[in-house]
Amino acid sequence: MAQATVTRRYRFCAAHRLHTDLLSPEENCATFGKCNNPNGHGHNYVVFVSVTGDIDPTTHQVLDGQRLDHMVERIVVQRFDHRDLNEDVEFANQTTTGENLVLLIWNLLVKAIPEGRLAKVGVIETRDNYFEYSGSAEGVQKEYEVRHG
Ligand code: NI
């Protein structure tokens, strides 16, 4: 049976501040630049969720898009939309980098989606900043080094 991968797009707006207690104030500023601003700032995050599977012989589809939408709305969008990411319990001891955010979204969704079907999660933070994770051993692939371009 032929397989295909379907990707759906979701959006949420959230505030955050990049800061780690592992670094001094000066090192935080040097590492994170204006993202370390104590007042925080916001992004219009875009999340891509890719699901792989057999093309159903009856529906000719890989997945029920509405079911995925409800799941992602409940697990991801409602959790983060118009919130401060730094206040999320999962970020109590983690910096709210795009790398950590894409990992968290993967970890939240992989528990809810049938085993082996979640192929990839992508997060756009800014115009020039995209993060993705596919559960691979290599971990997070950061495609662009430029922050907040
Ligand atoms: Ni930021």
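Here are some notes on the fold, the core and a few individual residues of this predicted model.

1. Overall layout. The protein has three helices and six strands, and going along the sequence they come in the order β-α-β-α-β-α-β-β-β. The C-alpha trace spans about 60 × 30 × 25 Å along its principal axes. Of the 149 residues, 40% count as buried. If you look at contacts with a separation of 6 or more, 62% of them join residues 24 or more positions apart.

2. The core. The largest nonpolar core holds 31 residues, and the ones touching the most other members are Phe 12, Val 49, Phe 80, Leu 101, Ile 105 and Leu 109. Two or more core residues come from each of strand 1 (3–16), strand 2, helix 2 (65–80), helix 3 (98–110), strand 4 (118–126) and strand 5 (129–133).

3. Phe 12, worth a click. Leaving out residues up to four places away in sequence, Phe 12 touches His 43, Asn 44, Tyr 45 and Val 47, then Val 76, Val 77, Phe 80 and Asp 81, and finally Leu 101 and Ile 105. Phe 80, Leu 101 and Ile 105 are also on the list of core residues that touch the most other members.

4. Helix 2 against helix 3. These two pack at an angle of about 145 degrees, and their axes are 10 Å apart. The crossing of helix 2 past helix 3 is right-handed. On the helix 2 side you'll find Val 72, Ile 75, Val 76, Arg 79 and Phe 80, which meet Leu 101, Leu 104, Ile 105, Leu 108 and Leu 109 of helix 3. By type, the residues of this contact are nine nonpolar, no polar and one charged.

5. Asn 44. This residue sits in strand 2 (residues 41–54). Is Asn 44 buried or exposed? Its relative accessible area is 59%, so Asn 44 counts as exposed, the cut-off being over 50%. Beyond its sequence neighbours up to four places away, Asn 44 touches Phe 12, Cys 13, Ile 124 and Glu 125.

6. Asn 36. Now for the other asparagine on my list. Asn 36 is in the loop between helix 1 (25–32) and strand 2. Asn 36 counts as buried because its relative accessibility is 8%, and the limit is under 20%.

7. His 60 has a positive phi, near 60 degrees, and is not a glycine. His 60 is in the loop between strand 2 and helix 2, and is exposed, with a relative accessible area of 60%. His 82 also has a positive phi without being a glycine, in this case about 55 degrees. Where does His 82 lie? Look in the loop between helix 2 and strand 3 (83–84). With a relative accessibility of 64%, His 82 counts as exposed.

Terms used
Residues are numbered from 1 along each chain as its sequence is written. This is a predicted model: local features need pLDDT of at least 70, side-chain atom pairs count only at pLDDT 80 or more; totals for chains, interfaces and linings use all residues. Side-chain values use heavy atoms; hydrogens and water are left out. Helices (H or I, at least four residues) and strands (E, at least two) are DSSP runs, numbered from the N terminus. Buried means under 20% relative accessible area, exposed over 50%, partly exposed in between (1.4 Å probe, protein chains only). Contact means heavy atoms within 4.5 Å. A nonpolar core is a set of buried Ala, Val, Leu, Ile, Met, Phe, Trp, Tyr and Cys residues joined through side-chain atoms within 4.5 Å. Axes are lines fitted to C-alpha atoms, for helices over the stretch in contact, and angles run from 0 to 180 degrees between N-to-C directions. A crossing is left-handed if the near helix is turned anticlockwise from the far one by less than a right angle, and right-handed if clockwise. Ala, Val, Leu, Ile, Met, Phe, Trp, Tyr, Cys and Pro count as nonpolar, Asp, Glu, Lys and Arg as charged, and the others, Gly among them, as polar.
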